[in-house]
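Dear colleague,

I am passing on the structure that we talked about, and below it you will find my notes on what came out of the analysis. Please read them with the structure open beside you.

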Amino acid sequence: MNIKDIIKNFKIDGEIVSIEANNTGNINRTYMVTVNKDGKDKRYIVQKINTTVFNEPYLLMNNIENVTNYCRNYLEQNGEDIKRGTLSVVRTIDNKNLYRTKDNEYYRMYDFVENAISYDKAENEEMFYNVGKACGHFVRMLDGYPMDELDETIPNFHNTKSRYDDLINSIKKDPVGRAKMVMPEILFVLKRSDQVSQIVDLIDKGEIPLRVTHNDTKINNVLMDKNTNEAICMIDLDTVMPGSALYDFGDAVRSGAAKTIEDDPNLENAGINLDYFKSFTEAYLSETKDILTKTEIDYLAFSCILLTLELAIRFLTDYINGDTYFKCNYENHNLDRVRNQIALVKDMEKNYVNMNNIVRKIAYGKSLTLKKDNK
Ligand code: ADP
Ligand code: GN1
Ligand code: MG
């Protein structure tokens, strides 16, 4: 079925005048659609859901509708922008939140958030401050959400220990004979095996709480205003699930405070920008300081290292499996991502004391001198 015929099944008001593909994401297929009515254009986003990754699309869309409705209600009660402060799902003409084709492909539609842009990398401190505000505000908006009603769209998504176990299984199977090509990268991860359980253990022991979290806070999942660069809303809500605030903090810093994009093959560019880290932390804590527990705050810096290591593990596993999960644009794309994330972990490890001091200074008004090793 062609995309135009699919779009006609949604409640859109006007004639379709253009459809453009957007290739930024690694998972879903995204199109921007423009319709015209009485000489006025209106735009929508249509996405084909990747059902290899998300195998319960209806449960996923129920999560998204419920969460965005909850956010809209919060925005309304707090006098904030209900039009752009959260995504708005457009239903099909038979009033469903998804359109299923005869070939069992699933499509959804959102209102296009106008005058907005997403970046793969922060361009200045102020921009990343604004991203921190958006991530913190997301925690705040969903603080009272009934977590039990959320479906877990990808179980163990940020369970770094289970990601590590998946890597070990892939190395053992070595389905396309690539493991021998990545021995230094495998060894790098194995040396850090004692870190992979740390956040899940804290959750299991009840030392940090589960919250409604986004779980994919990379910088291009935050829409920014084209003119002011102020953050408008978090998008890509497929992975909103019960999780730890540490996942969202760590993943946002991994992607946005990095000195370069996550697949830059020139490893000399990789590293953490501490000024960006500081502005993000200031903004994030300005929204969440009264919500987060002390233990959560104390693990914020560590979460950045762990989430970067987790991404290195996931890219490495996918490379060994023959590139079956992440969209790859060239043969060694996943390998470039692995090496880049490893270089970033190394740089974060060097800067761990500084990162921790920055967090403590912002949260408690004082810095502590810490040992150089990780927690
Ligand atoms: P993926 O899961 O593949 O990353 P996203 O939901 O992040 O897909 O969408 C891909 C890109 O499409 C985003 O980075 C953003 O540029 C754009 N986009 C998605 N939803 C909207 C929206 N409602 N309004 C404007 N742009 C959007
Ligand atoms: C994927 O969908 P996108 O491109 O925002 C992935 C994230 C990774 C990210 C790395 C559902 O995110 O977990 O951090 O790629 N999403 C899923 O670029 O696996
Ligand atoms: Mg995305």
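What does the accessible surface of the protein chain come to, and what percentage of it belongs to carbon and sulfur atoms? The accessible surface is about 16,800 Å², and 45% of that belongs to carbon and sulfur atoms, where areas come from the Shrake-Rupley method with a 1.4 Å probe and, for residues, only the protein chains shown count as cover.

Please keep in mind that this is a predicted model, in which local features need pLDDT of at least 70 and side-chain atom pairs count only at pLDDT 80 or more, while totals for chains, interfaces and linings use all residues. Residues are numbered from 1 along each chain as its sequence is written, chains are lettered from A and ligands numbered from 1 in the order in which they are written, and side-chain values use heavy atoms, with hydrogens and water left out.

On the overall form, the C-alpha atoms of the protein chain fill a box of roughly 65 × 50 × 40 Å along the principal axes. The radius of gyration is 21 Å, which agrees with the value near 21 Å for a compact globule of 375 residues; this radius is taken over C-alpha atoms, and the globule rule is 2.2 Å times the number of residues to the power 0.38. The chain has 12 helices and 11 strands, which are DSSP runs (H or I of at least four residues for helices, E of at least two for strands) numbered from the N terminus. Of the 375 residues, 57% count as buried, that is, under 20% relative accessible area with a 1.4 Å probe, protein chains only.

One residue that I looked at in detail is Tyr-110, which has its place in strand β6 (residues 106-111) and is buried, with a relative accessible area of 4%. Leaving aside residues up to four places away in sequence, Tyr-110 touches several others, among them Tyr-44, Ile-64, Leu-87 and Val-90, a contact being heavy atoms within 4.5 Å.

Lastly, the cysteines: a disulfide is taken as a pair of cysteine sulfur atoms within 2.5 Å, and by this rule the count comes to zero. Cys-71 is in no disulfide, since the nearest cysteine sulfur, that of Cys-233, is 9.5 Å away, which is too far for a bond. Cys-71 is buried at a relative accessible area of 2%, and Cys-233 is buried at 3%.

Methods: Buried < 20%, exposed > 50% of the residue type's maximum accessible area, 1.4 Å probe, protein only.
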